Amino acid sequence: MKDSTSRTETGTRTGIVMSRFGARSSHAGSLIAPGALAILLWLGGSQGALAQKPPAQAPSSDELRPLYANAMDVDEGKHLARTTCSNCHGAEGLSTTAGVPNLAGQRSVYLYRELRAYASGARDVSAMTDAVKFLSTDALIDVAAYYASLEPAQPAAASDVKGSADPAQAGKAAAAGCAGCHGEIGVSKTPGTPSLVGLDPKYLVAAMAAYKSGQRKNDIMKAMIAPLAEANLNNIALFYATQKPVRAQTAAPGNATAGQALAASCAGCHGAQGISGNPATPSLAGQDAQYLAAVLHGYQDGSRSDATMKGLAAGLDDGAIKNLAAYYASLQPQPPAVPKSLTAAQWAERCDRCHGINGNSADPHVPALAAQRADYLEKVLDAYRSGVRRSPEMAAMVDVLSENDIKNLAAYYARQKARAVVYVPIPSR
Ligand code: HEC
Ligand code: HEC
Ligand code: HEC
Ligand code: HEC
C-alpha cells in the first residue's frame, strides 16, 4: 500500500472514515485477516461517505483479497496492465477510446468481480474475455489492485459531454414544419385540420405512426411524418401535450345543444366533457369541428379504419355528425396527464444511494461513476436495459429510464469530480 501512503501526501484534503467492512470485521472475522481492521481513506474530501447503502450480497473473503494487495502485488499488476491492457484502456488506466472505460481509481473489489465475470463469460464481451481468460486468480487480483491505486480521470468538460436537450424543447424544433397547418402550439386555425393540443402523447405517437405505416391514409401527413425518427415523434408528442390547450380557432356550424343529446352514447369512451381518461381513445373537447365531421364520415366510408368507431359512426346521418362535431368543438380542452420527467440531478440522487455521493462509491463492490467516459456509461446503461448485461440492482433502476434519461445521466456523471479511495488494513488492537 505504498502508493496510497504517498498519495495522502499530495496535499489534497484527507479524511478517514471507518467503513462498513471495519464494522463487520468485529463479528465476522472470516471476512478480514485476524487482527486487522479495514479503514476507508477518502482522498480529497470525506463528507457523506457513509450515506451509501450496504451491498445486497455479503462479500466473500476471496472477493476482498484485492483490498489486501501489497506494493509488490500492485507492481505485478502494473506490469501485466502495461503488456496486456493499456492498448485498449490507455496508459495509467485513462481510456482514449470510445466505449472503453477508464479503470484508474475504480473500486478494486468491483474490478476483480467484473474481471471474473468476463473470464467466466457471465459478462459477455469478447474483447475482454480474450484478454483475461488465461489469467490466474492472483493476476486478476494484482491488476485490479493496480488500477484501483491510480489517480482517477479528470471530470469531462461540460462542453464535451452535453446531455440531450429538454425533450419538449427538441419536440418544438422538430415540429416547426407542422405549425403552418396545425398552428404554432397545435391550436388549429384551419378548418379540417385537427388541433394537436389536449391529446395524450401516447395517442399522438400512435396517430403519427399510423400515418407513417399507411394504416391511416393521408398523403400529406404521411409525407410529413415519414422522415421523422421515433425519438422525434416522442418529443413532438410531448411538446404538444405540454402546451396550454384552448379550443380550435375555427367555426363550428352545427347545433351544439342537439349534439349534446347524441353524445350520451360517446361519453363512456370519450369522457363526459370530451376528455378521455384512456390514452388509446382521443379527447374530443375543443377539436376542430370540420375535422371531427370528416373523421366520422371517414369511419363510415372506410377511408379511416377502426373497428370500434366504424360500428358507432354507421348509424349517424349527416345532421347528427354536424351537431356532434359542433358540441365537442364547444367544450373546453384539458391538458393530458404527462408523466413528470426527472432531471439528471434528481435521478442521480437515487443512483447515489448505491453509487456514493456524486458517483464516488465508498463501497469497494460498487463501481464509481464519477468522471467515467460518457460514451461508456451510455453503452452499459443500454446493455442493462436490453438485458445484455445483467445485475438485479441495475435492472430495476434502468427499467424506468428513457433514452433521454440515460444520455443525461451519462453526461452528468462524466462531469462529476472523481475522488480516489483506498481501504487501509490497520491493526485493531
Ligand atoms: C481489445 C481491447 C481491450 C483489452 C486488451 C482489454 N480491455 Fe478491458 N475492456 C474493453 C472494453 C471494450 C470494455 C467494455 C466492455 C463492456 O461494455 O462490458 C472493457 C471493460 C473492462 C472492465 C470493466 C470496467 C467496468 O467499469 O465495469 C474491466 C475491469 C477491464 N476492462 C479490465 C481490463 C484488464 C485488467 C485488461 C488487461 C488484462 C483489459 N481490460 C484488457 C476492452 C479491452
Ligand atoms: C399541409 C398541412 C399539414 C402539415 C404541414 C402537417 N399536418 Fe398533420 N394533419 C393535417 C391534416 C389535414 C390532418 C388530418 C388528416 C386525416 O384526416 O387523417 C392531420 C392530422 C394530424 C394528426 C392526427 C391528429 C388526430 O387527432 O388524430 C397528427 C398527430 C398530426 N397531423 C401531426 C402533424 C405533425 C407532427 C406535423 C409536422 C411534422 C404535421 N402534422 C404537419 C395537415 C397537416
Ligand atoms: C367503445 C369506445 C368508443 C365509443 C363508445 C366511441 N368512441 Fe370514438 N373513438 C374510440 C377510439 C378507440 C378511437 C381511436 C380510433 C382511431 O385511432 O381511429 C376513437 C376515435 C374517434 C374520433 C377521431 C378523433 C381524432 O382525433 O382523430 C372521433 C371524431 C370519435 N371517435 C367520435 C366519437 C363519437 C361522436 C362517438 C359517439 C357517437 C364515439 N366516438 C364513441 C372509441 C370510442
Ligand atoms: C440498489 C443499488 C443501485 C442503485 C440504486 C443504482 N445502482 Fe448502478 N450499480 C449497482 C451495482 C451493484 C452495480 C454493479 C453491477 C454489475 O456488476 O453489473 C452497478 C453498476 C452500474 C453501472 C456500470 C458501471 C461500470 O463501470 O460498468 C452504471 C453505469 C450504473 N450502475 C449506473 C447507475 C445509475 C445511472 C443509477 C440511477 C439511475 C444507478 N446505477 C442506480 C447498484 C445500484
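Helices (H or I, at least four residues) are DSSP runs, numbered from the N terminus. This is a predicted model, in which local features need pLDDT of at least 70, side-chain atom pairs count only at pLDDT 80 or more, and totals for chains, interfaces and linings use all residues. Residues are numbered from 1 along each chain as its sequence is written, while chains are lettered from A and ligands numbered from 1 in the order in which they are written.

**Shell around ligand 1**

- The shell holds 23 residues (C-beta atom, placed from the backbone, within 6 Å of the ligand), and Cys85, Cys88, Val125, Ala127 and Ala131 come nearest.
- At least two shell residues each come from H3 (71–89), H4 (108–120), H5 (126–132) and H18 (374–386).
- H3 gives the largest share, five residues.
- The classes are 15 nonpolar (Ala, Val, Leu, Ile, Met, Phe, Trp, Tyr, Cys and Pro), three charged (Asp, Glu, Lys and Arg) and five polar (the others, Gly among them).

**Shell around ligand 3**

- Ligand 3 is surrounded by 19 residues, with Cys266, Cys269, Thr281, Pro282 and Asp306 closest.
- Two or more of these residues are given by each of H13 (267–270), H14 (289–301) and H15 (307–314).
- This shell has twelve nonpolar, five polar and two charged residues.

**Packing of H4 and H6**

- H4 packs with H6 (residues 137–149) at about 140°, with axes 8 Å apart; axes are lines fitted to C-alpha atoms over the stretch in contact, and angles run from 0 to 180 degrees between N-to-C directions.
- Contacts (C-beta atoms, placed from the backbone, within 7 Å) join residues including Leu111 and Leu115 in H4 to residues including Ile141 and Ala144 in H6.
- The contact residues divide into nine nonpolar, one polar and one charged.

Technical notes. Contact = placed C-beta atoms within 7 Å.
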